Amino acid sequence: MRAVAPAAWVAPLAGMLAALLAPTGAAIAASHIVDIKWDAQGQFVHQADVAPAKFVEVCGELKPGQRIAWSFKGSAPMNFNIHYHLGKETVYPVKLSAARDGAQTLQVQVEQVYCWMWSNKTASGASLDLALKIER
């Protein structure tokens with residue numbers, strides 16, 4: 001029996017493991033958490049599909065004094081909130097249950113990463129259209 005050098009089987013095995021594990025984790029993380037990227041006019045729009053029993057979160061850092069006009073429309077009722085984390089506490093400036101749509105202006109009080117979040121508790125998928133705008 002001929003001995004095979006470790007490099008001959010270790011590198012391909014490591015490559016296969018990386019290919020199997022890395023894309024799965026990246027795809028899962030990228031599919032339900034979205035970073036806010038403001039355009040030149042201070043606007044952000046996003047469309048998403050929210051799978052049954054799943055959620056979508058749109059997050060971005062905001063500063064005190066900012067006013068963010070927001071509106072959304074969904075194809076099914078979803079639980080909605082705007083939240084941020086203060087240590088171990090979660091603060092909810094807005095919370096709506098079973099909402100198909102909503103629109104308000106968020107008055108930013110604390111410099112934090114704020115998240116707009118939808119949870120789909122229905123048995124079928126739901127579409128979502130979101131618009132955010134920094135009021136100047």
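Let me start with Val 91, which lies in strand β5, where strands (E, at least two residues) and helices (H or I, at least four residues) are DSSP runs numbered from the N terminus. Leaving aside residues up to four places away in sequence, Val 91 touches Ile 82, His 83, Tyr 84 and Leu 86, a contact being heavy atoms within 4.5 Å. The C-alpha atoms of Val 91 and Asn 81, which are ten residues apart along the chain, are separated by 10.0 Å.

Before I go further, a word on the source: this is a predicted model, in which local features need pLDDT of at least 70 and side-chain atom pairs count only at pLDDT 80 or more, while totals for chains, interfaces and linings use all residues. Residues are numbered from 1 along each chain as its sequence is written, and side-chain values use heavy atoms, with hydrogens and water left out.

Now to the chain as a whole. There are one helix and seven strands, and, read from the N terminus, the order of the elements is α-β-β-β-β-β-β-β. Of the 136 residues in the chain, 32% are buried, where buried means under 20% relative accessible area, exposed means over 50%, and partly exposed lies in between (1.4 Å probe, protein chains only). The accessible surface of the chain comes to about 8600 Å², and carbon and sulfur atoms hold 60% of that; such areas come from the Shrake-Rupley method with a 1.4 Å probe, and for residues only the protein chains shown count as cover. Among contacts in the chain with a separation of 6 or more, 76% are between residues 24 or more positions apart.

Let me turn to strand β3. This strand, residues 55-62, is largely enclosed by the rest of the structure, because six of its eight residues are buried. With strand β1 (residues 33-35), β3 pairs in the parallel sense over three bridges, given that two strands pair if DSSP finds at least two bridges between them; here Asp 35 stands opposite Cys 59 in β3. With strand β6 (residues 112-119), β3 runs antiparallel, and eight bridges join the two, with Trp 116 in β6 as the bridge partner of Val 58.

Which residues does the one disulfide join? A disulfide, here a pair of cysteine sulfur atoms within 2.5 Å, joins Cys 59 to Cys 115, with 2.0 Å from S to S. The link of Cys 59 and Cys 115 is right-handed, at 115 degrees about the S-S bond. Since Cys 59 lies in strand β3 and Cys 115 in strand β6, the pair ties together parts that are 56 residues apart in sequence. Both Cys 59 and Cys 115 are buried.

The largest nonpolar core has 29 residues, a nonpolar core being a set of buried Ala, Val, Leu, Ile, Met, Phe, Trp, Tyr and Cys residues joined through side-chain atoms within 4.5 Å. Val 58, Trp 70, Leu 106, Trp 116 and Trp 118 have the most contacts inside this core. At least two residues of the core come from each of β2 (43-50), β3, β4 (67-86), β5 (89-107), β6 and β7 (126-135), and β4 gives the most, with eight residues. As for Trp 118, the residues it touches, not counting those up to four places away in sequence, include Val 58, Phe 72, Phe 80, Leu 128 and Leu 130.

A search of the whole structure finds six aromatic pairs, where rings of Phe, Tyr and Trp (its six-membered ring) pair if their centres lie within 6.5 Å, and planes under 30 degrees apart count as stacked, over 60 as edge-to-face and the rest as tilted. Trp 70 and Phe 72 form a stacked pair, at 6.1 Å centre to centre and with 10 degrees between the planes. Phe 72 and Phe 80 form a tilted pair, at 4.6 Å centre to centre and with 40 degrees between the planes. Ring pairs link Trp 70, Phe 72, Phe 80 and Trp 118 into a cluster; within that cluster, Trp 70 counts as buried at 2% relative accessibility, and both Phe 72 and Phe 80 are buried.

I will finish with two backbone angles. Ala 53, found in the loop between β2 and β3, has a phi near 65 degrees, a positive value in a residue other than glycine, and Ala 53 is exposed, with a relative accessible area of 65%. Ala 98, found in strand β5, has a phi near 50 degrees, again a positive value in a residue other than glycine, and Ala 98 counts as exposed at 53% relative accessibility.
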